Amino acid sequence: MKKLQLLAGFLETNGPLWGRLHEDDGLPVMGFRVELRHCNPMQICHGGMLMTFADMLLSFTCGIGAGGRKFMPTIQLSGDYVGPAPLGSWVEGHGRLLRTTRNLAFAEAMITADGAPCLRTSGIMKIPSQETREGNILALFN
């Protein structure tokens, strides 16, 4: 996996995130190593960090699934915590694009910690209008 160059703002503090494009569907596979700064007092990855990761994963999944030229803001994000992600574990997710409409994209993922499920997540992203400034999401993974 490649370190994603997301060096500004929130993810500069909470990253790094790693990623690659899946060989079968071309959608992102992303991950991070749980560090002490990601943990709650029990040395388990904080749910807020897992949801931050889910938000990035699903947003990139929708963006790449819709052509890779637009960053998509989150309309709705939900998650079910199904297991722990202990300190030192490798957290990984592979997004699945469910559907796109003219204005919305729907995605889901099962996020794992060392291969065991820890977060089931789904989200809805807004597909920006044509006049919105473009960005190259695919360049982050190449």
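Is Cys118 buried or exposed? Cys118 is buried, with a relative accessibility of 0%; here buried means under 20% relative accessible area, exposed means over 50%, and partly exposed is in between, using a 1.4 Å probe and protein chains only. Welcome to this predicted model, in which local features need pLDDT of at least 70, side-chain atom pairs count only at pLDDT 80 or more, and totals for chains, interfaces and linings use all residues. Residues are numbered from 1 along each chain as its sequence is written, and side-chain values use heavy atoms, with hydrogens and water left out.

**Cysteines**

- The structure has zero disulfides, a disulfide being a pair of cysteine sulfur atoms within 2.5 Å.
- Cys39 takes part in no disulfide, and its nearest cysteine sulfur, in Cys45, is 6.1 Å away.
- With 15% relative accessibility, Cys39 is buried.
- Cys118 has its closest cysteine sulfur in Cys45 as well, at 7.5 Å, which is too far for a bond.

**The nonpolar core**

- The largest nonpolar core contains 35 residues, and Met30, Phe32 and Val91 have the most contacts inside it.
- Such a core is a set of buried Ala, Val, Leu, Ile, Met, Phe, Trp, Tyr and Cys residues joined through side-chain atoms within 4.5 Å.
- Two or more core residues come from each of strand 3 (28-33), helix 2 (47-65), strand 7 (104-113), strand 8 (116-126) and helix 3 (137-141).
- Helix 2 makes the biggest contribution to this core, with eleven residues.
- These elements are DSSP runs numbered from the N terminus: helices are H or I with at least four residues, and strands are E with at least two.

**A closer look at Ser59**

- Ser59 sits in helix 2 and is buried, at 10% relative accessibility.
- Apart from neighbours within four places in sequence, Ser59 is in contact with Met72 and Met125, where contact means heavy atoms within 4.5 Å.

**Salt bridges**

- Side chains of opposite charge can pair when their charged atoms come close.
- There are four salt bridges, each defined as a side-chain nitrogen of Lys or Arg within 4 Å of a carboxyl oxygen of Asp or Glu.
- One of them joins Glu35 and Arg37, at 2.7 Å from N to O; Glu35 is partly exposed at 32%, and Arg37 is partly exposed at 46%.
- Asp80 and Arg120 form another, with their closest N and O atoms 2.6 Å apart.
- That pair links distant parts of the chain, since Asp80 is in strand 4 (residues 74-81) and Arg120 is in strand 8, 40 residues apart.
- Asp80 is partly exposed at 36% relative accessibility, and Arg120 is partly exposed at 46%.
- Arg96 and Glu108 also meet in a salt bridge, at 2.3 Å from N to O.
- Arg96 is in strand 6 (residues 96-100) and Glu108 is in strand 7, so their pair ties together parts twelve residues apart in sequence.

**Aromatic rings**

- The whole structure has three aromatic pairs; rings of Phe, Tyr and Trp (its six-membered ring) pair if their centres lie within 6.5 Å, with planes under 30 degrees apart counted as stacked, over 60 as edge-to-face and the rest as tilted.
- Phe60 and Phe141 make an edge-to-face pair, 5.8 Å from centre to centre with 90 degrees between the planes.
- Phe60 belongs to helix 2 and Phe141 to helix 3, so this pair ties together parts 81 residues apart in sequence.
- Phe60 is buried at 3% relative accessible area, and Phe141 is buried at 7% relative accessibility.
- Ring pairs join Phe60, Phe71 and Phe141 into a cluster.
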